[in-house]
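Let me put it up here, and then I will write down what I look up, entry by entry.

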Amino acid sequence: MTTTTEPARRSELGTCRCCDDDTPAVEQEEPPETPRERVNRRWNEIMQETRVAQTGVQILFGFLLSVAFTPHFRDLGTFDHTVYVLTVVLGASATASLIAPVSIHRFLSGQRMKDEMVEVAHRLMMCGMVLMALTIGCTLLLILHVVVPGLLAELLVGAVMLWFGLSWYALPLWLRRRSNRRAERRAAR
């Protein structure tokens, strides 16, 4: 086993060797991938992301299913019952969307359809993430509507949903746009 000095390690990580800070070095192109390597990498990434999302939605969905069997559930008003039903349906839909790539893989494994599987799994993941965010928002509304009086519950849920929108969707889109602009500038040089 060889040991690596700190400056060399920084160089491997893409930081400047001449500085002791984390100043980015000149960006280097990654080695090219074959189409097969790329689709395999994309599939593996989707499966890892699916595992994270599935765990979260399954825990939330399990919690939601148990709520209807608590003694206090009968005391909730029509609004809360409606929000509960909507939340359970959204949670079930999110679960289906986030588990579907696994089923697709089982049915189509060995059929040489990985490009199609990656595209469909990507779309299902995006749909599942929207449904999961809505499930979390409705769950939060259900809980806060019982705990916090008045309009405050809706305002808090709105703020949390705004955060979901910003961190899950707006930020990645902004980063993609920024990366595309950098690539265009490099290509223009």
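**Entry 1: the chain as a whole.** I started with burial and found that buried residues make up 25% of the 189 residues in the chain. Buried means under 20% relative accessible area, exposed means over 50%, and partly exposed is in between (1.4 Å probe, protein chains only). I note that this is a predicted model, where local features need pLDDT of at least 70, side-chain atom pairs count only at pLDDT 80 or more, and totals for chains, interfaces and linings use all residues. Residues are numbered from 1 along each chain as its sequence is written, and side-chain values use heavy atoms, with hydrogens and water left out.

Next I looked up the elements: the chain has 5 helices and 0 strands, giving the pattern α-α-α-α-α along the sequence. Here helices (H or I, at least four residues) and strands (E, at least two) are DSSP runs, numbered from the N terminus. I also checked contacts, meaning heavy atoms within 4.5 Å. Of the contacts in the chain with a separation of 6 or more, 67% join residues 24 or more positions apart.

**Entry 2: helix 2.** I found 33 residues in helix 2, with 48 Å from its first C-alpha to its last, close to the 48 Å expected at 1.5 Å a residue. The expected span is 1.5 Å times one less than the number of residues. Its buried residues include Trp43, Met47, Leu60, Phe61 and Leu64. What do the buried residues of helix 2 pack against? I found helix 3 and helix 4.

**Entry 3: Thr139.** I placed Thr139 in helix 4. Thr139 is buried, at 6% relative accessible area. Leaving out residues up to four places away in sequence, Thr139 touches Leu60, Phe63, Leu64 and Thr87.

**Entry 4: the largest pocket.** I used a 1 Å grid over the protein atoms alone, on which a pocket is an open set of points where a 1.4 Å probe fits, with protein on both sides within 12 Å along at least five of seven lines; lining residues have an atom within 4 Å of a point. Grid points are joined across faces, edges and corners, and a volume is the space filled by probe spheres set on the points. The largest pocket has about 630 Å³. Its lining has 15 residues, with Glu49, His122, Met126, Pro172 and Arg176 nearest the centre. Helix 2 gives the most to this lining, 6 residues. By class I noted 10 nonpolar, 1 polar and 4 charged residues. In this scheme Ala, Val, Leu, Ile, Met, Phe, Trp, Tyr, Cys and Pro are nonpolar, Asp, Glu, Lys and Arg are charged, and the others, Gly among them, are polar.

**Entry 5: the second largest pocket and Arg112.** The second largest pocket holds about 290 Å³. It is lined by 14 residues, and Arg36, Asn40, Arg112, Met113 and Lys114 are the closest to its centre. Helix 4 gives the largest share of this lining, 4 residues. I then turned to Arg112, which lies in the loop between helix 3 and helix 4. Arg112 is exposed, at 76% relative accessibility. Arg112 also has a positive phi of about 60°, although it is not a glycine.

**Entry 6: cysteines.** How many disulfides does a search of the whole structure find? I got 0, a disulfide being a pair of cysteine sulfur atoms within 2.5 Å. Cys127 is partly exposed at 38%, whereas Cys138 is buried at 13%.
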